[in-house]
Amino acid sequence: MHGEYKVPGGKLVVVDFEQEAGVIKNFQLSGDFFLEPETLIDDINNAVNGLDIGSTILDIAESIEQELPEHCEMLGVTPSSVGVAIRRALTNAATWRDYEWEIVHEEEIDPMLNAALDEVLTKKIGSGERKPTLRIWESDRPAVFIGSFQSVKNEIDSEAVEKLGVDVVRRISGGGAMYMVPENCITYSLYVPELLVRGMSFADSYAFLDEWVLEALNSVGIDASYAPLNDIVGPSGKIGGAAQKRLGSGAILHHVTIAYDMNPDEMLQVLRIGREKLSDKGIPSANKRVDPLKAQTKLSRDELIQRMVEVFKQRHGGVEGSITDTEWDEAEELLESKFDTPAWRNRIK
């Protein structure tokens, strides 16, 4: 059996082994990581050999940790990442290059239509009617996007929203509220089969699906890294946040909004950011919670998007695609029947 896992911010972990009578045999770890002393790789191999094939990532990591000598270094690889690679091998997980990717970047549209498209395209992945897709959003006006389980009154100042002419959109994924001004943010969605992240924990899948973005940002001098569970962060705060929705069909929606620029005063008028959330993150002021890309680069929003797409193609492949007429029609229908209705928008008041 063969499994691979690219550690977010780290190196490629490769595992090869056999299974016999329900246990792992002839286990061999390899990759472009660093181990000191060099005999450490033998310790890891010995720790995994003989483990039950039903072992969890945690079980595998604990077995490896017990075998590690007192003074050793593991750079670019961790015991848990070895566990992820093993679980991916045992569950026949797919890799990015197993798929033909489409990259979609359409013109500006209604923010609610963007939310409706997310649901439509995710369902198309589950039914096999669409190839895995990266879609860059463009919206024609500002909007507040709230998570599927958030309360409208607790998250949004309705008077400020009405005064500023801001739409309120409830998305199908969980997570927190985002004030999205088109020229100030970069938003993208990934529509992927569950096979791509099979064998990973929910938390691991977030960083795995956004690794290409970190590479793109780092390549232009932006100091960006991942902070569990779902944040992309810079030296002075949050750069962006991810959210996911998983369908029973095996399709996953993974979308991210990145701050390119921001108007903190306007954001604070629209969003009710509680003291408890701020203190929990150790941040004294909501104005300092966000670290927009423009603070670190002179590149325009369009130039950054271009670089992101370049890196995605380099790593995973991909061709330019588009939304089909059928998908547009289904999204329009869903907007009218669901997203632009009080029942959906205010389902949690």
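## Leu35 and strand β4

In this predicted model, L35 is found in strand β4, which spans residues 34-36. L35 counts as buried because its relative accessibility is 13%, below the 20% under which a residue is called buried. Once residues up to four places away in sequence are set aside, L35 touches L40, I41 and I44, together with E73, M74 and V77. A21, by contrast, is 14 residues from L35 in sequence, and the C-alpha atoms of the two are 31 Å apart in space.

## The three-stranded sheet

Three strands form an open sheet in the order β9-β8-β10, and their pairing is mixed. Because β9 (167-170) and β10 (178-180) stand at the edges, each with a single partner strand, one side of each is left without a neighbour in the sheet. From one strand to the next the twist averages 25°.

Strand β8, made up of residues 143-146, pairs with β9 in the parallel sense over four bridges, and within this pair of strands A143 stands opposite D167 in β9. Helix α4, residues 111-127, packs on the sheet and touches both β8 and β9, while the direction of helix α4 makes about 10° with that of β9.

## Arg135 in strand β7

R135 has its place in strand β7, which covers residues 133-136. With a relative accessibility of 3%, R135 counts as buried, and its side chain is joined to that of N114 by a polar contact of 2.7 Å.

Not counting residues up to four places away in sequence, the residues touched by R135 include N114 itself, along with V104, L117, D118 and L121.

## Val192 in strand β11

V192 is found in strand β11, a strand that runs over residues 185-193. At 0% relative accessibility, V192 counts as buried. Leaving aside neighbours within four places in sequence, V192 is in contact with W101 and I125, and also with G250, A251 and I252. R171 lies 21 residues from V192 along the chain, and the C-alpha atoms of these two residues are separated by 18 Å.

## The largest pocket

The largest pocket holds about 800 Å³ of space and is lined by 43 residues. Of these lining residues, G176, A177, M178, Y179 and K238 lie nearest the centre of the pocket.

Strands β10, β11, β14 (237-246) and β15 (251-259) each supply at least two residues of the lining of the largest pocket. Among the contributors, β14 gives the most to this lining, with six residues.

## Enclosed cavities

The count of cavities of 30 Å³ or more comes to two, and the largest cavity contains about 70 Å³ of space. The residues that line the largest cavity are W137, E138, S139, M180, V181, P182, C185, I186, T187 and R301. Strand β11 gives the most to this lining, with three residues.

Methods:
Residues are numbered from 1 along each chain as its sequence is written. This is a predicted model: local features need pLDDT of at least 70, side-chain atom pairs count only at pLDDT 80 or more; totals for chains, interfaces and linings use all residues. Side-chain values use heavy atoms; hydrogens and water are left out. Two strands pair if DSSP finds at least two bridges between them. Axes are lines fitted to C-alpha atoms, for helices over the stretch in contact, and angles run from 0 to 180 degrees between N-to-C directions. Contact means heavy atoms within 4.5 Å. Buried means under 20% relative accessible area, exposed over 50%, partly exposed in between (1.4 Å probe, protein chains only). A polar contact is a pair of N or O atoms within 3.5 Å; within protein, one must be able to donate a hydrogen and the other to accept it, and residues adjacent in sequence count only if both atoms are side-chain atoms. On a 1 Å grid over the protein atoms alone, a cavity is a set of points where a 1.4 Å probe fits but cannot get out, and a pocket is an open set with protein on both sides within 12 Å along at least five of seven lines; lining residues have an atom within 4 Å of a point. Grid points are joined across faces, edges and corners, and a volume is the space filled by probe spheres set on the points.
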